[in-house]
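Please keep the sequence and the 3D view at hand while reading.

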Protein chains: 2
Amino acid sequence: MTPARMTRQRAAIIDAISDGDFRSAQAWHESLRGAGSAIGLATVYRTLQSLADDGDVDTVVSESGETLYRWCAAHTTHHHHLRCRSCGTAEEIDLPSFEQWSRAIASARGYTEIEHTVELTGLCHACSTELDH
Amino acid sequence: MTPARMTRQRAAIIDAISDGDFRSAQAWHESLRGAGSAIGLATVYRTLQSLADDGDVDTVVSESGETLYRWCAAHTTHHHHLRCRSCGTAEEIDLPSFEQWSRAIASARGYTEIEHTVELTGLCHACSTELDH
DNA sequence: TTGCTACTGATAATCATTGTCAATAAGGTT
DNA sequence: AACCTTATTGACAATGATTATCAGTAGCAA
């Protein structure tokens with residue numbers, strides 16, 4: 001496959017999402033528009049997906065079923081997230097023992113091609129105190 | 001709140017879903033129709049949701065974003081699933097240490113109101129061998 | 001049996017996401 | 001710098017799952 005072309009739109013998206021939050025494609029589209037960048041919604045969807053395929057962004061599915069995207073600093077290692085349900089901030093966590101453990105329990109029951117999803121959500125410190133008055 | 005009325009449709013749904021698979025609302029609707037039960041799609045959605053609220057069915061979100069439902073034998077304890085991506089069969093698993101561990105790591109980083117999702121998927125023994133020829 | 005009201009179902013509406021396709025622009029090549 | 005090939009874009013239509021609407025129906029308590 002040929003490498004992706006660095007268009008104005010792709011650059012704008014990469015620039016925007018490198019601030020660490022998990023947001024939906026529509027939310028990123030809005031921020032970009034708000035920042036003055038004329039960009040189409042379909043392009044945002046397509047570009048985020050292509051970046052996700054390349055491993056440059058992480059995706060997560062929210063409670064309401066939307067897919068959330070955020071920049072991912074090019075780790076190839078599998079990892080998980082601890083995400084704030086209120087502001088979208090997220091930190092990466094890894095669970096080395098969980099990886100092995102899940103594989104073990106699944107194959108013990110005859111399962112192959114094992115995959116897993118693990119997501120932790122909560123309210124970060126800032127949001128916790130704020131919602132407390 | 002008043003307890004749910006036991007209608008013909010609700011009974012048919014409960015009867016149908018007690019066979020252990022995870023399927024989408026639309027899939028359950030089809031099986032019910034196939035079995036001769038005249039029942040509306042909206043009713044299937046509403047009833048499955050109400051059963052889920054009461055803790056009588058488990059829900060899981062598939063890779064493609066559909067919500068899958070299956071009967072849950074009235075445990076109040078939190079648990080997780082090992083589900084076959086091919087046939088939908090699922091078994092329950094529990095991860096006592098994971099529960100505590102996730103709470104610990106999250107609160108160590110200042111998070112409160114912690115929730116988590118853990119789902120294991122794979123190909124069950126039957127499907128593995130079948131897809132192998 | 002009666003009455004109140006929750007439940008049902010056909011269908012329209014919603015919402016996130018993907019497909020379409022002509023116009024545009026990356027970026028390598030003369 | 002002008003040129004060409006083709007990936008990319010964007011407005012909009014289409015999809016697909018789920019939810020809302022609302023008049024008709026049927027639990028079930030009295």
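**Arrangement of the copies**

The model is predicted. Chain A can be superposed on chain B by a rotation of 179° with 0.0 Å of shift along the axis, and the RMSD is 0.2 Å. The two copies are therefore related as by a two-fold rotation axis. Both copies use the same surface, since 100% of the contact residues of chain A recur in chain B. Within chain A, the residue that comes closest to the rotation axis is A:Val118, whose C-alpha is at 2.2 Å.

**Surface near DNA strand C**

DNA strand C is surrounded by 23 residues. The closest of them are A:Tyr45, B:Thr7, B:Gln9, B:Thr43 and B:Arg46.

| Residue | Protein atom | Atom of DNA strand C | Distance |
|---|---|---|---|
| A:Arg5 | side-chain N or O | base nitrogen | 3.3 Å |
| A:Thr67 | backbone N or O | phosphate oxygen | 2.8 Å |
| B:Ala38 | polar backbone atom | phosphate oxygen | 3.3 Å |

Elements that give two or more residues to the surface near DNA strand C are α3 (41–53) of chain A, and α1 (8–17) and α3 (41–53) of chain B. The largest share, 5 residues, comes from α3(A).

**The second largest pocket**

Which residues line the second largest pocket? From chain A they are A:Leu95, A:Pro96, A:Ser97, A:Phe98 and A:Trp101. From chain B they are B:Leu95, B:Ser97, B:Phe98 and B:Trp101. The elements that give two or more residues to this lining are α4 (96–108) of chain A and α4 (96–108) of chain B. Of these, α4(A) provides the largest share of the lining, with 4 residues.

The space in the second largest pocket is about 190 Å³. Its lining residues divide into 7 nonpolar and 2 polar, with no charged residue.

Conventions. Residues are numbered from 1 along each chain as its sequence is written. Chains are lettered from A and ligands numbered from 1 in the order in which they are written. This is a predicted model: local features need pLDDT of at least 70, side-chain atom pairs count only at pLDDT 80 or more; totals for chains, interfaces and linings use all residues. Side-chain values use heavy atoms; hydrogens and water are left out. Copies are superposed by least squares on the C-alpha atoms of residues with pLDDT of at least 70 in both. Contact means heavy atoms within 4.5 Å. A residue is near a molecule or strand if one of its heavy atoms lies within 4 Å of it. A polar contact is a pair of N or O atoms within 3.5 Å; within protein, one must be able to donate a hydrogen and the other to accept it, and residues adjacent in sequence count only if both atoms are side-chain atoms. On a 1 Å grid over the protein atoms alone, a cavity is a set of points where a 1.4 Å probe fits but cannot get out, and a pocket is an open set with protein on both sides within 12 Å along at least five of seven lines; lining residues have an atom within 4 Å of a point. Grid points are joined across faces, edges and corners, and a volume is the space filled by probe spheres set on the points. Ala, Val, Leu, Ile, Met, Phe, Trp, Tyr, Cys and Pro count as nonpolar, Asp, Glu, Lys and Arg as charged, and the others, Gly among them, as polar.
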